[in-house]
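Let's take a walk through this structure together. Have the sequence and the 3D view open as you read.

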Amino acid sequence: MPELPEVETVRRGLAPLMEGAVVARVEVRRPDLRFPFPPRFAARLKGRRVEALSRRGKYLLAELDTGLVLLMHLGMSGSFRVEGLSQPVGNGSLYYARAKDVGHDHVVMHLQGGLRVVYNDPRRFGFMLLLRREDCEAHPLLAGLGLEPTGNALSAEALAPRFAGRAAPLKAVLSDQRVIAGLGNIYACEALWRARLSPRRTAGSLVRADGRASERLVRLVAAVRAVIADAIEAGGSSLRDHVQADGTLGLFQNRFAVYDREGEPCPRRSCRGVVRRIVQSGRSTFHCPLCQR
DNA sequence: CGCATCCCCTGCCTGC
DNA sequence: TGCAGGCAGGGGATGC
């Protein structure tokens, strides 16, 4: 599932249940995901109270009362669901599993009071680590992260030095976590369409000779901020996903302009283009060759 | 250093 | 119906 809007949606769903809750025990059903679980992982979580559930880029951070931080990444296919609720609340995607999925339930956090927070990840590209709070900022996985596209950190002037001189295509630089934290394949494509910029244009071409941001970069930043805000508001995107009775899954996939829409007409009014799929850095890029320049 | 390619893993869809 | 191949929202390691 997870680019920034999906991770933020998960955070908003879990936070009311986990913040203030005490971990009664943790089941870890295999030795590793992408990385091995840390030594004594379950034991170090047991009895801890979750003080806050926060997010940085595509990472979730559960801050514990001992000063430890449980750092979680969902990879390509990671998801959480909650069991033991008397009735669903928040985002419905947190509360649904098909019978055949349970074999990929790798971590179960039992909270005092009876709720279970279950981490499921078929492809196992996700991971969980334990860090000391004071080590987080300098940790290699977090230290290199770029600007958050939510809030006010992301601006054209802040981005200009990071784009300057770069020959890599815009699409690659936009989904580089060291530049902007949280954009992935979907939202990079969608932002470029909104900004009417070709995914093949070089990142450096958006910076003026004097090093300042061009009008195109200003447009791109506005598009990134808008698409992320819109997607969060829609509860993220649910791809190739189950229709669910309560209908509370993320809905942004219905509003994709180009992603996974190869062959469809460009949705921009007055554009007669057709959405094309190309491959960049080994991954699909969807764009309109007519209005994205 | 920057950039492209390959790889990790499972599931699903397509075409034969 | 079975099977092979390609593709999928992640990012790290490698080699040029």
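## Sheets, helices and DNA

In strand S7, the bridge partner of Val82 is Val117. That pair belongs to the antiparallel pairing of S5 with strand S7 (residues 116-120), which runs over 5 bridges. Two strands are said to pair if DSSP finds at least two bridges between them, and the strands (E, at least two residues) and helices (H or I, at least four) are DSSP runs, numbered from the N terminus.

Before going further, a word on the model: it is predicted, so local features need pLDDT of at least 70 and side-chain atom pairs count only at pLDDT 80 or more, while totals for chains, interfaces and linings use all residues. Residues are numbered from 1 along each chain as its sequence is written, and chains are lettered from A and ligands numbered from 1 in the order in which they are written.

Now back to the strands. S5 and S7 sit in an open sheet of 4 strands, ordered S1-S6-S7-S5, with antiparallel pairing. Which strands stand at the edges? They are S1 (23-28) and S5 (79-83); each has a single partner strand, so one side of each is left without a neighbour in the sheet. Ignoring direction, neighbouring strands of this sheet are turned by 20° against each other on average.

Another open sheet, also antiparallel in its pairing, has 4 strands in the order S2-S3-S4-S8. Its edges are held by S2 (50-56) and S8 (127-132), and because each has a single partner strand, one side of each is left without a neighbour in the sheet. From one strand to the next, the twist averages 20°. H1 packs on this sheet and touches S2 and S3, and its direction makes about 175° with that of S2. Here axes are lines fitted to C-alpha atoms, for helices over the stretch in contact, and angles run from 0 to 180 degrees between N-to-C directions.

Look inside this sheet at the pairing of S2 with S3, antiparallel over 6 bridges. Leu53 has Ala62 in S3 as its bridge partner. The two strands form a hairpin with 2 residues between them, and Gly57 in the turn has a positive phi of about 55°. S3 (residues 59-64) also pairs with S4 (residues 68-73), in the antiparallel sense over 5 bridges; there, Leu60 has Met72 as its bridge partner.

H1 has a helix partner too. The axes of H1 (residues 4-18) and H8 (residues 215-233) come within 9 Å and cross at roughly 35°. In this contact, Leu4, Pro5, Glu8 and Thr9 of H1 meet Ile228, Ala231 and Ile232 of H8, where contact means that C-beta atoms, placed from the backbone, lie within 7 Å.

Finally, find the DNA. Which residues surround DNA strand B? They are Pro122, Arg123, Arg124, Phe125, Arg166, Ala167, Ala168, Ala172, Ser281 and Gly282, counted as near if the C-beta atom, placed from the backbone, lies within 6 Å of the strand.

Stepping back, the domain assignment of chain A, automatic or from a database, gives domain 1 (4-143) and domain 2 (156-287). Their centres, taken over C-alpha atoms, are separated by 28 Å.

Terms used. Contact = placed C-beta atoms within 7 Å.
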